[in-house]
Amino acid sequence: MVCKVAKGASGIAVQYKDTSILLDPSRPGDSDFTFVSHAHVDHLHRRGKKSKGKILSSSQTTKIARARGYDIADAIEEHDSFDLIDTGHILGSRGLLVGGDKVFYTGDISIRERAFMKPARLPHAQTLIIESTFGRPEYVFPALSEVTHRTNKIISEMYDLGIPVILMGYSLGKAQLLTKMFGDWDPVYVHDSVAKMNSVYAELGIDLKQAMAHTEAESLGLLSKNRPWVMIAPLSGARSAFVKEMKDKYGAVTIGFTGWATGNRYKYMTGLDYVMPMSDHCDYEELVTAVKQCRPEKVYTFHGFAAEFAKSLREMGYDAEPVEKAGSGKNLSLDSFR
Ligand SMILES: [Zn+2]
Ligand SMILES: [Zn+2]
């Protein structure tokens, strides 16, 4: 086999011929290349003075990362040995294809079209390293049109009663989709953290309504005066200070958007008024579709239900296993795994 895949101290590492590559490490390592798939903080690391090797990342990810306080400005986007493939997860997200068709690492991935996000297309690769966040059959999401319809219906009913609605999703990625999907309600305000990411998306060419940030709206008294309104805010539980304040002052109701919201457990745990299964990741069926599209000889799974998803794939006839720690069982002995 021309490549080895294992989990090191700071993340997944690939050894391809005599080249070592770290994939989304949590801290810098001494590999030849470090790949940063996208600008979510669990995939970013802080560059140290002694950081060696080249960084591979899209220019969009570099810009979003900088806005979040992570400097990967020395990243390169093109190299003869690698192709960066759009993974449809958030703006700028890429997977890494090594050696033309040898290894493909997905980072986080979605193959579903969502507003301005185009679905990922999987390249053929002999070895596929795929995320498995929702790698259990119970995680199958409804069509986006259904989520849109149900949400608009709730907002409409609340507007009739004069009740404001807070739409909650992760501030980078999900919140921009929510802004696009529900930005036609009037008035729309956004949490300050969402306003910041929305303006980064706008700078990168996404046509997003630039709604007023909530602290400004609040200081102008607009949240009292302009009721009902829609606000887009980061996902948090009903016990968070922000939600409590919005409920106490304005009687707002909350709708949380996340892939974890299949079934009733998530709603119960968070205490949100409504939840909608909507994700920037593949659901279980989409993960299986992604694997089929890739036609791999070997599959490694990581994130979430890695062992369960690998087992499901084995039952379908794939040679699949979760990425294991270096040195655990298999004869993996990569020098860079310290
Ligand atoms: Zn992500
Ligand atoms: Zn992630």
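Trainee: Which residues is Pro277 in contact with, leaving aside its neighbours within four places in sequence?

Mentor: Phe141, Pro142, Gly259, Ala261 and Thr262. Keep in mind that this is a predicted model.

Trainee: Where is Pro277 found?

Mentor: In the loop between strand 15 (274-276) and helix 9 (284-294). Trp260 is 17 residues from Pro277 in sequence, yet their C-alpha atoms are 6.6 Å apart in space.

Trainee: Why does Pro277 count as buried?

Mentor: Burial is a neighbour count, with 20 or more C-beta atoms within 10 Å as the cut-off. Pro277 has 21 inside 10 Å, so Pro277 counts as buried.

Trainee: And Ala261, buried or exposed?

Mentor: Buried, because Ala261 has 23 C-beta neighbours inside 10 Å. Ala261 sits in the loop between strand 14 (253-257) and helix 8 (265-270). Beyond four places in sequence, Ala261 touches Gly256, Tyr266, Lys267, Val275, Met276 and Pro277.

Trainee: How do strands of a sheet pair?

Mentor: Through backbone hydrogen bonds, either parallel or antiparallel. Here, six strands form an open sheet with parallel pairing, in the order 12-11-13-10-14-15.

Trainee: Which strands stand at the edges?

Mentor: Strand 12 (212-213) and strand 15. Each has a single partner strand, so one side of each lacks a neighbour in the sheet. Strand 12 runs parallel to strand 11 (residues 188-190), joined by two bridges. Val190 has Ala213 in strand 12 as its bridge partner.

Trainee: Which strands does helix 2 touch?

Mentor: Helix 2 (residues 144-161) packs on the sheet, touching strand 10 (165-168), strand 13 (230-233), strand 14 and strand 15. The direction of helix 2 makes about 160° with that of strand 15.

Technical notes:
Residues are numbered from 1 along each chain as its sequence is written. Chains are lettered from A and ligands numbered from 1 in the order in which they are written. This is a predicted model: local features need pLDDT of at least 70, side-chain atom pairs count only at pLDDT 80 or more; totals for chains, interfaces and linings use all residues. Helices (H or I, at least four residues) and strands (E, at least two) are DSSP runs, numbered from the N terminus. A residue is buried if 20 or more other C-beta atoms lie within 10 Å of its own, exposed if 12 or fewer, and partly exposed in between; C-beta atoms are placed from the backbone. Two residues are in contact if their C-beta atoms, placed from the backbone, lie within 7 Å. Two strands pair if DSSP finds at least two bridges between them. Axes are lines fitted to C-alpha atoms, for helices over the stretch in contact, and angles run from 0 to 180 degrees between N-to-C directions.
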